[in-house]
Amino acid sequence: MTGHEDVAAMDYETAAAELERTVQQLGKEQEDLAESVRTFERGLALARRCARLLDEAQRRLNELAPAGEPSPGA
């Protein structure tokens, strides 16, 4: 684990907001390389969480769509 266990419990809105804050931090000058790497790794974990939640939502929509009808977003 990379110390981002909290990310796995976040809902989409929380993860997306945290990802936005993390990306903003990446744009700031940071003298400590280790801190920059930790920020980058957290951003990756958040992006993966958002992608997983979106994939799961799309899968659920596909399951709910009547046969023969395209699901929203497809």
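In which helix do Glu18 and Arg21 both lie, and how many residues apart are they? Both belong to helix α1, which covers residues 12-26, and they are three residues apart, about one turn of the helix. Helices here are DSSP runs of H or I with at least four residues, and strands are runs of E with at least two, each numbered from the N terminus. The model is a predicted one, in which local features need pLDDT of at least 70 and side-chain atom pairs count only at pLDDT 80 or more, while totals for chains, interfaces and linings use all residues. Residues are numbered from 1 along each chain as its sequence is written, and side-chain values use heavy atoms, with hydrogens and water left out.

The side chains of Glu18 and Arg21 are joined by a salt bridge with an N to O distance of 2.7 Å; the term denotes a side-chain nitrogen of Lys or Arg within 4 Å of a carboxyl oxygen of Asp or Glu. The structure holds six salt bridges.

Helix α2 spans residues 33-64 and contains Glu56 and Arg60, four residues apart, about one turn of the helix. These two residues form a salt bridge whose closest N and O atoms are 2.6 Å apart. Glu56 is partly exposed, with a relative accessible area of 32%, and Arg60 is likewise partly exposed, at 46%. A further salt bridge joins the side chains of Glu63 and Arg59 at 2.8 Å, N to O. Because Glu63 and Arg59 are four residues apart in helix α2, about one helical turn separates them. Here Glu63 counts as exposed at 55% relative accessibility, while Arg59 is partly exposed at 41%.

The largest nonpolar core consists of six residues, namely Val7, Met10, Ala15, Ala45, Leu46 and Cys50. Of this core, α2 provides the largest share, three residues. Such a core is a set of buried Ala, Val, Leu, Ile, Met, Phe, Trp, Tyr and Cys residues joined through side-chain atoms within 4.5 Å. In soluble globular proteins, nonpolar side chains tend to be buried together.

Leu46 touches Val7, Met10, Ala15, Glu18, Leu19 and Thr22, residues up to four places away in sequence not being counted; contact means heavy atoms within 4.5 Å. Thr22 is found in helix α1 and is buried, with a relative accessible area of 2%. Apart from neighbours within four places in sequence, Thr22 is in contact with Thr39, Arg42, Gly43 and Leu46.

Val23 is found in helix α1 and is partly exposed, with a relative accessible area of 47%.

Technical notes
Buried < 20%, exposed > 50% of the residue type's maximum accessible area, 1.4 Å probe, protein only.
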